[in-house]
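I opened this entry to keep track of what I looked up, one item at a time.

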Amino acid sequence: MQYYVVYDGNCNLCVTLVQLLETLDQGKLFRYIPMQDSQRLQQWEITPQDCELGMILIDANAPEKRWQGSAAAEEIGRLLPLGSIFVDAYRALPGMKWVGDRVYEQIRDNRYTLFGKRSNTYKSVYCEEGGCKV
């Protein structure tokens, strides 16, 4: 099973989290595509407007199966070893999902102000085959 993580390659926070995920996963489950690679995203009919709603996780075996925003972050966490324990506990706490969604939206909408913007788009070493060219 493999997944594509569509992330903002110009966002310092997003890149730091992708680098952490790269370290944890070592390319076993995830491949990474920056939102700035509009040509690559066209194959899934993902537009820049879609990307404004946050990171996207795509199931490579069933590309119609997607998660976006905080749901993508939760699914990524769930897929990591022992991650489902933490995600399930988070989801079980009353009101936490709602709070998590609001926090994600605030960070998403203010990410450059809060964490800065990179001058160059980050390209993962674990990119989709033939990708990594922005």
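**Notes on a helix and its salt bridges**

I began with a charged pair: the side chains of D8 and R111 form a salt bridge, 2.8 Å from N to O. The two partners come from distant parts of the chain, 103 residues apart. I found D8 in the loop between β1 (3-7) and α1, and R111 in helix α6. Both D8 and R111 are buried. I note here that the model is a predicted one.

Helix α6 covers residues 96-115, 20 residues in all. I checked its span: the end C-alpha atoms are only 24 Å apart, whereas a straight helix at 1.5 Å a residue would reach 28 Å. I then looked for a bend and found a kink of about 60 degrees in α6, centred on D109. Just after α6, G116 has a positive phi of about 90 degrees.

Which residues of α6 are buried? I listed G100, D101, Y104, R108 and R111. I also looked up what covers these buried residues of α6, and the cover includes α1 (12-25), α4 (70-79) and α5 (83-92).

D109 takes part in a salt bridge with R108, and their closest N and O atoms are 2.8 Å apart. R108 has a relative accessible area of 17%. I count R108 as buried because that value lies under the 20% cut-off.

I then counted the salt bridges in the structure and got seven. Some of them share partners, and these join E74, R91, K97 and D101 into one network. D101 was already in my list of buried residues of α6.

My last pair was in helix α4, one of the elements covering the buried residues of α6. There R78 forms a salt bridge with E75, with the closest N and O atoms 2.5 Å apart. How far apart are R78 and E75 along helix α4? They are three residues apart, so about one helical turn separates them.

Are R78 and E75 buried, partly exposed or exposed? R78 is partly exposed, at a relative accessible area of 33%. E75 is buried, at 6%.

Key
Residues are numbered from 1 along each chain as its sequence is written. This is a predicted model: local features need pLDDT of at least 70, side-chain atom pairs count only at pLDDT 80 or more; totals for chains, interfaces and linings use all residues. Side-chain values use heavy atoms; hydrogens and water are left out. Helices (H or I, at least four residues) and strands (E, at least two) are DSSP runs, numbered from the N terminus. The expected span of a helix is 1.5 Å times one less than its number of residues. The bend at a residue is the angle between axes fitted to the seven residues ending there and the seven starting there. Buried means under 20% relative accessible area, exposed over 50%, partly exposed in between (1.4 Å probe, protein chains only). Contact means heavy atoms within 4.5 Å. A salt bridge is a side-chain nitrogen of Lys or Arg within 4 Å of a carboxyl oxygen of Asp or Glu.
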